[in-house]
Amino acid sequence: MKKLLFIFLFSHLALWSQQENTMLSSKNTFSSREGYLISNPYYSIYDTNDWLWILGENKLSSEHVIGEKEVIIQRFDGANFFTLKIPDTFNKKIKEGHFFRHKKNGLYLKLYYKVARAALFFINTETLTIDIVEEYNTLNEKYIISEEYYVNDKTRLILTSKDKFYSAELQGLSLKFIDSISFETPIAEPFLAQVRTTDEFSIVKLLFEKEGCFLDKDGKITQKITKNDFIDKQGTHFFPNRIHNVFKVKESFYYYFDAYKNVFKYEKQENKFVEIPNTSANYEINKFLNFDKDYKKAFLEDVVGDYEFFKFYSFNNFETELITKVKIKNFSKKSYKEFGKDLIVLNGNRLESYSFNKSKIKTFLKGRSIRTVKNLKGSKYIVATDSEGVYIIDVKKNTEKKIQFLLDHKEIAINFSRDIYVEKDNTIIINDSHNLYTLDSDYNVIKERSTKIIGEEIIKLKDTIFTADQRGKVFKYSIKGKTYTKIANTDAIVIKEFATDGRKIFATTSDGVFEYENGTFNTYEFENEKSDNLLSITYEEEYGVLVSTKLGKIYKYDLKNKKLNLFYEDELNASIVGMVADNNNNLWLNTYAGIVSVNPSTKKVVRFTRQEGVYELEGNRFSTYKDAKGNILMGSYKGLSFFDPENLVETSIEVQPKFTSISFFDVEENRWKVHSSPSFLKNVKKITLPSLYQRFSATVSVYGEIDAKEIRYRYRLLDEENNLEWFTSFSGNEILFANLAAGAYTLQIEALSASKSKIGERLELKVVSEVVFYKRWGFMLLFIIVALGIVVYVFYQYRLKQKLFSKNEIALNEARIKSAMMLEIHHRIKNNLQIVSGLLGLQMVHSTNEELKLKLQDSQGRIESIAGIHNVLYNSDNQNSISVKNNVENIITYYKTLFPIEVTYTLNIEDVVLNMDKATPFALLLNELINNSNKHAFTKIKKPQIHVNFKKNGDKYTFEYFDNGNFTKDEEKKESMGMRIIGMMNTQLKGNMNIEEVKGFKLTLHF
């Protein structure tokens, strides 16, 4: 009776059982920030090179005007976007468009205009050339509608006029008509329904009329559709209004028609479609499935309110099984590269890329903190949690049931168990903080074989169970003798975790490693590791005693010399809370950063994280376990991971990184050019950089069963003498090298997985940077000859003048020469600074990086300020002093031309001059103030004003600057470059500067 009661309670108190979804979905999102420029996508499709092509409206064109957006094409390699312009439409407004395939290396683009007929273009996906399909675009106007379909890699068309069906085939830029057949009566609007195709024949019908025909695999029209071709189970003939889909089961083709729930089988001998009775099971799903070409997988779009679920199914003998589903917004455009393995969703200016992988790691008891695990029998395991009870899980049936423990017919809770032991008589030994229980096979407590204990940590050695209190003291319990005694002198021993080799007891403690054998113990500390860092301990026959630390190290414990020898160090320094060796002696680690596999012979380390199906990365102590079959279970704070290490060993990924663009200055076209055509990228082995444009960039992507965002790249540029260190780049980032010295280089790029394993082969590109013309030997020799000639000539002239003047005249002449030289120096410095300013301006014009442009503009302003000082000196009679008023006016004039803001400048400047030591830092300080005001202060000011006051007080100067802009000071924000320059100039002037928070910005400087 007690047993029946327990079974009833056990079966009804099961919390729940789950069917674990082993499909992992990773999602990456792209928008205009990542280069996706389309705001209203029309269509998307993958080409045979695995590039995604997207047609839609350009977000950046006529953004605020309805119906005036530019239509563009973007190509996507999984991480980077490249834009193509559509062909000239001669001012015809595009309302819609789509792509369809043509064999290998080709796509067709069909554009629908608002007032004109649709136009067809052929895209060579290797060269990226787009050509008009003249034979289609110049068709007689009697052809009204066309629908494309595919048979054995051939692109076919069905066309209609008012009185006929036409069958045709597209071959590149040519259109070949194959066959035609007349309607019973003329039809004004012969819209086509979707063509239903098999590898043997195709069916086409009009959308709203009872007209249709059969086509063979060669595109020949074999017969018209009649109602005699379709027979329901009552023997009634009918003409279908709608053909939902077609699929294949055991070499026969089946269809769903109209509102019929049963399927119709195509009887090949009779050439008829016959309803099969009692086949309505699953019709709600099967009827709306879209199948792949092998009819083994299908997808379904299930609309629910403003969203839809895009569901992938496996299909076998009329039975469907949901593989995975994705919730997306309604009216999104969708495409995929490989059925059931990836999905692209386009909605507005948002591209979502999903990849699906089958996880080899199952997760049980999600959300629960796991403490210890043991195998019961077969696929069943007993699992103890921290505070939510003990469960039975079945890893084969994917079920979880909570155990109800009974003591004297009353339910008791067992929590905080540190270990479980399944005995030969099928009894179970388990503990909590204060009790050691023995359970029968029905999980009832055997009272006479249970006892009170002190401490949570336990371990069993033969007939003895050792327990330890976290505050100190170690005890032992004799199962046969039923005696529980404290081990002498262990009051100060604080055990963290036990382990045993079957002869000795080992433990990590706050004082080192604890060893116990036959009633005696010792504790050992180590010079190379703090005892506080010791964490987990285990014994493996292949490795001996292993000790882990909270800083990610594993040591082998030398039993003879009582030393710790470093065996492994985690690259993330993640705490290691569990260790177990598989049947191949690979070591598996439960860490705070996922599950790690260590192969000691190859030194290969693989980390498994959420991408591989690890539900929670932060592992739990005491919860690492291997069963007799070699399966491994590892607990965490939010669930239990179960896997077969044989299946989880990382296999080589059959993918290869490829260049998706190489950009450099094209001498023939005299412009910077982005080369992204596959034909160029497949054949290029070397690029040449002209001497005036010694820079290049490249993007790389990986194609295949892998999430491009998870890839990291390392790259380096080698020359003939140096092997540079590797640099790291993330997916979607451009690799850029600039200002290369003349010479020959080799760019090397490697793709790395999330576990830092190399993917595919190394990419290499030869780069030749040409010598600058003035660095050639011929030019340098000519320069030296000319320079020597000038020196000789100047020396000769100087000697002549020496003879013409007396000593006094010579002295006067030297003074004049010095004056002239100073003027020339100022003039040349000013010219050189303006050349530098001009070069910065050219860089801004050619740069597309807005942040870089702003930085270059700031630098240009500073250079112009210094150049202005030398210009004033050049035009002045005094080369040592600067008029403050003239210098300020020059700076203001420059910024009036630079910024379009109409600022009122009020100047109150005394007629004061400064020497060069003070004029230069003062000019730079004023430049930064005016620049900051124009850029940041007047965004919301209708009448911007700037006041500049300068006066002399004895041998000191007072400078005041004030604007009426919006002044806000963020204490936490990093100080800007402008403010740092202002501070530096104040230091150089040895001044006393004060900034006031008034209605605007006010700076006062005394120097």
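Mentor: Start with Glu-200, which counts as partly exposed because its relative accessibility is 33%. This is a predicted model. Glu-200 forms a salt bridge with Lys-268, and the closest N and O atoms are 3.6 Å apart. The pair links distant parts of the chain, 68 residues apart. Glu-200 sits in the loop between β15 (196-197) and β16 (201-205). Lys-268 sits in the loop between β22 (264-267) and β23 (272-275). Lys-268 has a relative accessible area of 56%, so Lys-268 is exposed.

Now take Arg-418 and Glu-456. Their salt bridge brings the closest N and O atoms to 3.1 Å. Arg-418 is in the loop between β37 (410-412) and β38 (420-422), and Glu-456 is in the loop between β41 (451-452) and β42 (457-461), so this pair ties together parts 38 residues apart in sequence. Both Arg-418 and Glu-456 are buried, which means under 20% relative accessible area.

Next, Glu-669 and Arg-671. They form a salt bridge with the closest N and O atoms 2.9 Å apart. Glu-669 counts as partly exposed because its relative accessibility is 38%. Arg-671 is at 40%, so Arg-671 also counts as partly exposed. Elsewhere, salt bridges that share partners join Arg-714, Glu-750, Lys-758 and Arg-762 into one network.

The structure holds 33 salt bridges. Such pairing can occur because side chains of opposite charge can pair when their charged atoms come close.

Conventions:
Residues are numbered from 1 along each chain as its sequence is written. This is a predicted model: local features need pLDDT of at least 70, side-chain atom pairs count only at pLDDT 80 or more; totals for chains, interfaces and linings use all residues. Side-chain values use heavy atoms; hydrogens and water are left out. A salt bridge is a side-chain nitrogen of Lys or Arg within 4 Å of a carboxyl oxygen of Asp or Glu. Helices (H or I, at least four residues) and strands (E, at least two) are DSSP runs, numbered from the N terminus. Buried means under 20% relative accessible area, exposed over 50%, partly exposed in between (1.4 Å probe, protein chains only).
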